[in-house]
Amino acid sequence: MKGFFVTGTDTEIGKTAITAGLTHLAGSLGMRSAAVKPLAAGQDIVNNRWVNEDVLRLRAAANIELTDAQVGPLQLRTPCAPHIAAELEGITIEPEALLATVQRTLRLCDIGFVEGVGGFRVPLTAGWDTADMAADLDLPVILVVGMRLGCINHALLTVEAVQARGLHLAGWVANAVDPSMAYVEDNLAALSARLNAPCWGQVPRLPDPNPAAVAAHLSLSALRVALENA
């Protein structure tokens, strides 16, 4: 099994859409491909059951059959920071158990994508955050850069944090989140010059950001190279 940890410059910048697109892209190589979101905060009742929208999107992007629990092993109902949601709901986040569950799912596929929550350093429990999770999984990192004002600073700080954990930045994806952003090309040029990793794609605002539509803007050759080097 080969895999990647997908993180982002912030919350609400399209990590799930990009992770689903990457999962679809890997499936086009004939590989058993799936994605996992270890923690997901925010559920709604659909057809008389509690579901998380991100987990459903990732499950649908896989080309192997997985359950909601395998894709989203810890789903919290309150839409807020996971450590706050867990405290409100009386749930203890146990790192070792969560990591073991994620790894069991990853072993079912040839390539897996693990999506973090929020940015790279989101608290999960005392002394353990999403950066620790990425380090414990020891997977190459893909950074989703939400293209909006401030993204260069956010991207550079995130890469510093990734490298400080001894992790390899395999690549980054530019995802358009602000349709009114000025000087997009200049920002992309600045990112390309400063991020010591290949850009895996530039995803525009899409009317329907389904996995196939997102994958159409991602680089298959970049994925192949990363798999060869993994």
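**Entry 1, the pocket.** I started with the lining of the largest pocket, where α1 gives the most, with 4 residues. This is a predicted model, so I kept to its limits: local features need pLDDT of at least 70, side-chain atom pairs count only at pLDDT 80 or more, and totals for chains, interfaces and linings use all residues. Residues are numbered from 1 along each chain as its sequence is written, and side-chain values use heavy atoms, leaving out hydrogens and water.

I noted what a pocket means here: on a 1 Å grid over the protein atoms alone, an open set of points where a 1.4 Å probe fits, with protein on both sides within 12 Å along at least five of seven lines; lining residues have an atom within 4 Å of a point. This one holds about 880 Å³ of space (the space filled by probe spheres set on the points, which are joined across faces, edges and corners). Of its 34 lining residues, E12, I13, G14, T16 and D54 are the closest to the centre.

I then looked up which elements supply at least two lining residues each: α1 (15-27), β3 (39-41), α2 (53-61) and β11 (169-176). Helices (H or I, at least four residues) and strands (E, at least two) are DSSP runs, numbered from the N terminus.

Next I checked α7 (residues 151-164) against α8 (residues 184-194): they pack at about 15°, axes 10 Å apart. Axes are lines fitted to C-alpha atoms over the stretch in contact, with angles from 0 to 180 degrees between N-to-C directions. The pair is therefore roughly parallel (under 35 degrees). I found C151, I152, A155 and L156 of α7 meeting N187, A190, L191 and R194 of α8, with contact meaning heavy atoms within 4.5 Å.

Technical notes: Angles under 35 degrees count as roughly parallel, over 145 as roughly antiparallel, 65 to 115 as roughly perpendicular and the rest as oblique.
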